[in-house]
Amino acid sequence: MALLINNKCINCDMCDPECPNQAITLGKEIFEIDPDKCTECVGHYDTPTCVSVCPIDCIKKDPNNVESLDELAEKFIRLTQG
């Protein structure tokens with residue numbers, strides 16, 4: 001399951017530099033996560049780093065992008081091996 005940033009985001013820019021997949025960018029109003037690039041840090045870290053650095057807990061699982069651990073691992077391989 002990819003993650004999403006909800007409207008509680010205060011644009012603190014803590015999450016963007018932490019993303020190993022460069023899935024986080026500044027949208028029109030708040031930071032956004034590209035579900036095609038988000039692996040929840042599978043393949044990089046034990047837990048999503050964006051979630052751990054968010055000071056207001058606005059990064060949640062995206063119910064519209066449900067993926068298994070195996071699917072996230074496959075996405076990691078696709079992203080890192082070109």
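Colleague: Ground rules: buried means under 20% relative accessible area, exposed means over 50%, and partly exposed is in between (1.4 Å probe, protein chains only). So is Glu67 buried, partly exposed or exposed?

Modeller: Glu67 is partly exposed, with a relative accessible area of 22%. Bear in mind that this is a predicted model, where local features need pLDDT of at least 70 and side-chain atom pairs count only at pLDDT 80 or more, while totals for chains, interfaces and linings use all residues. Residues are numbered from 1 along each chain as its sequence is written, and side-chain values use heavy atoms, with hydrogens and water left out.

Colleague: Which residue does Glu67 form a salt bridge with?

Modeller: Lys75, with the closest N and O atoms 3.0 Å apart. A salt bridge here is a side-chain nitrogen of Lys or Arg within 4 Å of a carboxyl oxygen of Asp or Glu. Side chains of opposite charge can pair when their charged atoms come close.

Colleague: And Lys75, is that buried or exposed?

Modeller: Buried, at a relative accessible area of 3%.

Colleague: What else does Lys75 touch?

Modeller: If contact means heavy atoms within 4.5 Å, Lys75 touches Pro35, Asp36, Lys37, Cys38, Thr39 and Glu67, leaving aside residues up to four places away in sequence. The Lys75 side chain also reaches the backbone oxygen of Cys38 at 2.7 Å. That is a polar contact, a pair of N or O atoms within 3.5 Å; within protein, one must be able to donate a hydrogen and the other to accept it, and residues adjacent in sequence count only if both atoms are side-chain atoms.

Colleague: Where does Lys75 lie?

Modeller: In helix α2, residues 69-80. Helices (H or I, at least four residues) and strands (E, at least two) are DSSP runs, numbered from the N terminus.

Colleague: Which residues of α2 are buried?

Modeller: Leu72, Lys75 and Phe76. They sit on the same side of α2, because they cover an arc of only 105 degrees around the axis. The arc is that of the directions from the helix axis to the C-beta atoms. Asp70 and Arg78 are exposed on the other side of α2.

Colleague: How far apart are the end C-alpha atoms of α2?

Modeller: They are 16 Å apart, and that agrees with the 16 Å that its 12 residues should span at 1.5 Å a residue. The expected span is 1.5 Å times one less than the number of residues in the helix.

Colleague: Back to salt bridges. How many does a search of the whole structure find?

Modeller: Three. Another is Glu40 with Lys61, where the closest N and O atoms are 2.9 Å apart. That pair links distant parts of the chain, 21 residues apart: Glu40 is in the loop between β3 (31-33) and α1 (49-53), and Lys61 is in strand β4 (residues 59-61). Glu40 is buried, at 11% relative accessible area.

Colleague: What does Asp57 form a salt bridge with?

Modeller: Lys60, and the closest N and O atoms of that pair are 2.9 Å apart. Asp57 is partly exposed with a relative accessible area of 44%, and Lys60 counts as partly exposed at 35%.

Colleague: What about the phi of Asp57?

Modeller: Asp57 has a positive phi of about 60 degrees, although it is not a glycine. Asp57 is found in the loop between α1 and β4. Gln22, not a glycine either, has a positive phi of about 55 degrees. You'll find Gln22 in the loop between β1 and β2, and it counts as exposed at 63% relative accessibility.

Colleague: Switching to cysteines. How many disulfides are there?

Modeller: A disulfide is a pair of cysteine sulfur atoms within 2.5 Å, and by this rule the count is zero. The sulfur of Cys54 is 3.7 Å from the closest cysteine sulfur, in Cys58, so it is too far for a bond. For Cys19, the closest cysteine sulfur is in Cys41, at 6.2 Å, again too far for a bond. Cys19 is buried at 15%, and Cys54 counts as buried at 16% relative accessibility.

Colleague: Last one: what does Glu18 touch?

Modeller: Thr49 and Val53, not counting residues up to four places away in sequence. Glu18 lies in the loop between β1 (3-5) and β2 (24-26), and it is partly exposed, with a relative accessible area of 33%. The C-alpha atoms of Glu18 and Pro48 are separated by 9.1 Å, and these residues are 30 residues apart along the chain.
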